[in-house]
Amino acid sequence: PVSGEILMHYSMNSSIYFATLDQYKYNPGVIISADQGTPVSSGAEGQVIGIYDDAVLGKVVELELGGGYMATYGQLTDVAVSVGSYVDEGDILGYVAAPTKYYSLEGTNLYFALTKDGTPVNPEVLFR
């Protein structure tokens with residue numbers, strides 16, 4: 001979705017430290033460092049099934065990928081898609097926003113999560 005260092009890996013088997021929150025939590029996605037304004041592209045083809053604001057993740061775009069898979073992209077601004085639209089792998093979904101207060105110490109980033117039938121799976125399987 002973006003090129004950058006993974007600040008926080010997927011971790012549903014053990015908790016990891018969230019600096020801003022000063023606590024250990026499970027992480028159902030990955031947090032990828034990216035400069036504000038960096039284009040965020042779709043990691044796979046799919047249909048946009050949700051666009052909403054979330055206190056923790058900021059502006060969120062959800063894609064239905066088929067086969068029970070869903071991708072969630074958070075910390076976005078200037079969303080370039082609409083609910084119901086179809087995207088191809090590599091299409092721009094939006095741009096990296098300033099971090100929400102829940103990620104202020106981690107810095108600007110993209111939140112990316114993948115689920116299968118509602119259960120979190122490691123999204124790094126999509127990375128090449």
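Which backbone oxygen lies 2.3 Å from a polar atom of the side chain of S11? The backbone oxygen of S14 does. The pair qualifies as a polar contact (N or O atoms within 3.5 Å; within protein, one must be able to donate a hydrogen and the other to accept it, and residues adjacent in sequence count only if both atoms are side-chain atoms).

The structure is a predicted model, in which local features need pLDDT of at least 70 and side-chain atom pairs count only at pLDDT 80 or more, while totals for chains, interfaces and linings use all residues. Residues are numbered from 1 along each chain as its sequence is written, and side-chain values use heavy atoms, with hydrogens and water left out.

S11 belongs to strand β2. Strands (E, at least two residues) and helices (H or I, at least four) are DSSP runs, numbered from the N terminus. S11 counts as buried because its relative accessibility is 9%; buried means under 20% relative accessible area, exposed over 50%, and partly exposed in between (1.4 Å probe, protein chains only). S11 touches I16, Y26 and N27, leaving out residues up to four places away in sequence. Contact here means heavy atoms within 4.5 Å.

Aromatic pairs were considered next. A pair of aromatic rings is described by the distance of the centres and the angle of the planes. Rings of Phe, Tyr and Trp (its six-membered ring) pair if their centres lie within 6.5 Å; planes under 30 degrees apart count as stacked, over 60 as edge-to-face, and the rest as tilted. By this rule, the model has 3 aromatic pairs. The rings of Y17 and Y24 are 5.2 Å apart at their centres, with planes at 55°, so this pair is tilted. Y17 is partly exposed, at 40% relative accessible area. Y24 is exposed, at 56%.

F18 and Y103 also form a tilted pair, with 6.5 Å between centres and 55° between planes. This pair links distant parts of the chain. F18 sits in strand β2 (residues 11–18), and Y103 in the loop between β10 (92–96) and β11 (109–116), 85 residues apart. Both F18 and Y103 are buried. K25 lies over the face of F18, 5.1 Å from the ring centre. A charge sits over a ring if NZ of Lys or CZ of Arg is within 6 Å of the ring centre and within 35 degrees of the ring normal.

F18, K25 and Y103 are among the residues that line the largest pocket. Others in its lining include L21, D54 and Y111. Strand β3 (residues 23–27) gives the largest share of the lining, 3 residues.

E64 is found in strand β7 (residues 58–66). E64 is partly exposed, at 31% relative accessible area. E64 and E45 are 19 residues apart in sequence, and their C-alpha atoms are 8.7 Å apart in space. Neighbours within four places aside, E64 contacts G46, Q47, I49 and Y69. A polar atom of the E64 side chain lies 3.5 Å from the backbone nitrogen of G66.

Two backbone angles complete the account. D22 is not a glycine, yet has a positive phi of about 55°. D22 lies in the loop between β2 and β3 and is exposed, at 57% relative accessible area. Q75, also a residue other than glycine, has a positive phi near 70°. Q75 lies in strand β8 (residues 69–77) and is buried, at 1% relative accessibility.

How values were computed. On a 1 Å grid over the protein atoms alone, a cavity is a set of points where a 1.4 Å probe fits but cannot get out, and a pocket is an open set with protein on both sides within 12 Å along at least five of seven lines; lining residues have an atom within 4 Å of a point.
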